[in-house]
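Subject: Structure for your review

Dear colleague,

Please find below the structure that I am handing over to you. My findings follow it, and I would be grateful if you would read them with the model open.

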Amino acid sequence: MIVKMKFLSITGPKDDIERMAGQYLSKYEIQLENALTELKTVRDLRAYTDKNPYEEIIRQAKEYLPAGLKTDQEFPDITAEQAANILREAESHLTELRNKRAELSEEREKCRVSLENIDPFRGLRFEVHKLLKFRYIKYRFGRISKEYFDKFERYVYDTLDTIFYQCSSDDEYVWGVYFAPDSVADKVDAVYASMHFEHFYLPDEYEGTPSQAYEELKNRIASLDEELSEVDRQISAVVGEHADELAGAVSHLEKLSASFDIRKFAALTREKDNVFYILCGWMPEDQADAFQKEIEDDKQTFVVVEDDHDNIFSTPPTKLKNFKLFRPFEMYVKMYGLPAYNELDPTMFVALTYAFIFGAMFGDVGQGLVLLLGGLFLYKKKGMDLAAIIASAGVFSTFFGFMYGSFFGFEDTLIQHIWLKPKEAMMSLPVIGQMNTVFVVAIVFGMFLILAVMVMHIVVCMRNHDAEGTWFDTNGVAGLLFYGFLVACLILFMSGHTLPAAVILVVILGVPLLAMAFKEPLGAWLEKKKAKFDDGVPMYLVQTFFEMFEVLLSFFSNTLSFVRIGAFAVSHAAMMEVVLMLAGFTNGGSGNWIIIILGNAFVCAMEGLIVGIQVLRLEYYELFSRFYKGTGHAFRPYELKK
């Protein structure tokens, strides 16, 4: 169901808004609206412009405190100034350590990069810094792919004035250094570049060969790691010694910050020399009553409840509240669209009809129990709403399995049917002749579902004071009378009873049909307005004729659509008969149980998925579309607690 909402205006002295929010609003759910927008008719309102004084200190604290710092202790007497002082004192101790850690980390990263650059050239038996003294020879460190290196050696190397010294290689690249005379260095560089030679720059601040520099860097990184560990230990010691106080201070300031931020929804007004805040928002009815009762003795806080929603600019939000058994089906409802506040919540209707229709289409005791137990297991382990829906469908699959006498495809073998066997049950109808019983029952069941959702449509229209929709819509009173009488006549005729006189048929069917045809002018007449025909009366009559043809066709097609319930019940029995035949269980054979298990698993998975989709289609297209728009917006309470 949809929770009833109340629109509240909360007011009090400007400087008291934080106390009120922390003391009261932190206990209740309220969706705050912008007071300046809601109170358009109130003069001399202005917005809060004060800056949040807690944001900066909280931001700084999160920079120097470990992430996820929490405490179970409470500090009820701590003030904002005390909390800020605790954090500032910790910052003075930690900032120096964190700066030192940053410097060490930066140096370690530089050493790591140098180490990676030197590593491929450890095979060079020459001191790197001595290369800098070459006056007439140029050198380049780098790598070249093996594919191009082979071509370079075979076709180019002997024609150039260069020496390539290979230091190392792997599956993709050859690493090394090449030398060339200064006079032809540009030409040699161009040739190497054409071979996709990639330059690397080795650090020249180390003495000795690359291998010696590599070991020196490794030792330096190890030393830096030890220094970093020591700094981390010191930081942990500082934080650990005051962890509860620090976490409590941050938590307290965050709560105050959230309370302060509530000002962006408030408006200010002046009464003589006093300035007051005004907050507006939607609160569930039961919580609004409790809130009003709690502030009765509070002389600083006042609440006004607006009971007439027509005097409010914002539309009430929608909060769904259903029994735990039906709550998973809210997923299907929200997929179509959240109900508007004045609409009906179809969750319970969907839960009952979806599970029932699924069971009728997929009736098997064994497979139903598999769905039930599997769905319950997943719901308990993962909390999946879809798993709970599958479990609910499994209950009705098991029920209809007993009705059909089916247990893992064995019909009337392990259990006897209570009602009928879908494939074999037939009944005789006038004009039509022999017809499968489940088809007939499915159509009749669909008729009553359509009538039920028409009643829901009428209720919704009455709630919204929509006279035209209530009386003259195809799903309103006129449509209900027309379709209901048509259903009654069809049942009387098929059951062999006498139909009402022709005059009665014409009147009872004709009047609602005419009411639906001329719903616009009739609706305008009820609202005491003048009917408008933008394209003229003749065009309106032509358009009405085709619209009524479409309405009659939709009544027929929507009703016939429920045949799929019986069709899937029959197809399930037929598919399981094929599985039994493949397994050799027909004609008294001993059978192959592996095929039975695999066949049941296949049918349960494939047909279960198809049936689930088909039932959802029936819900959306044949039922929802008649009474439900799904134009609501969700109730989003303002969170004061972090």
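How many bridges join E4 to strand E7 (residues 198–200), and do these strands run parallel or antiparallel? Three bridges join the two strands, and they run antiparallel. Within this pairing, Gly142 stands opposite His199 of E7. Please bear in mind throughout that the model is a predicted one.

Strand E4 (residues 137–145) is also joined to strand E6 (residues 173–181), here by nine bridges and again in the antiparallel sense. In that pairing, Ile137 has Pro181 of E6 as its bridge partner.

Strand E3 (residues 46–47) and strand E8 (residues 267–271) are antiparallel and share two bridges, with Ala47 partnered by Ala267 in E8. E8 also pairs with E9, antiparallel, over five bridges, and Arg270 stands opposite Val275 of E9 in this pairing. E8 and E9 form a hairpin that has two residues between its strands. Lys272, in the turn, has a positive phi of about 60°.

The buried residues of H1 (residues 17–25) are Ile17, Glu18, Met20, Ala21, Tyr24 and Leu25. Their cover includes strand E1 (5–13), helix H9 (243–261) and helix H10 (285–294), as well as E9. As background to this list, an α-helix has 3.6 residues a turn, so residues three or four places apart point the same way.

Thr209 lies in the loop between E7 and helix H8 (210–241). Is Thr209 buried or exposed? Thr209 counts as buried because its relative accessible area is 16%, under the cut-off of 20%. Apart from neighbours within four places in sequence, Thr209 is in contact with Leu124, Arg125, Phe126 and Glu127.

Ile432 is found in the loop between strand E13 (426–429) and strand E14 (433–436). Its relative accessible area of 48% makes Ile432 partly exposed. Ile432 and Met494 are 62 residues apart along the chain, and their C-alpha atoms are separated by 9.4 Å.

Gln60 belongs to helix H3 (residues 55–64). With a relative accessible area of 25%, Gln60 is partly exposed. Gln60 and Glu91 are 31 residues apart in sequence, and the distance between them in space is 8.4 Å from C-alpha to C-alpha.

Turning to the chain as a whole, there are 22 helices and 14 strands. The radius of gyration is 40 Å, whereas a compact globule of 642 residues would have one near 26 Å. Along the principal axes, the C-alpha trace spans about 120 × 90 × 60 Å. Of the 642 residues, 44% count as buried. Among the contacts with a separation of 6 or more, 76% are between residues 24 or more positions apart.

Yours sincerely,

A colleague

Note on methods: Residues numbered from 1 in each chain as written. Predicted model: local features only at pLDDT ≥ 70, side-chain atom pairs only at ≥ 80, totals over all residues. Heavy atoms only, no water. Helix = DSSP H or I, 4+ residues; strand = E, 2+ residues; numbered from the N terminus. Rg over C-alpha atoms; globule rule 2.2 N^0.38 Å. Buried < 20%, exposed > 50% of the residue type's maximum accessible area, 1.4 Å probe, protein only. Contact = heavy atoms within 4.5 Å. Pairing = 2+ DSSP bridges.
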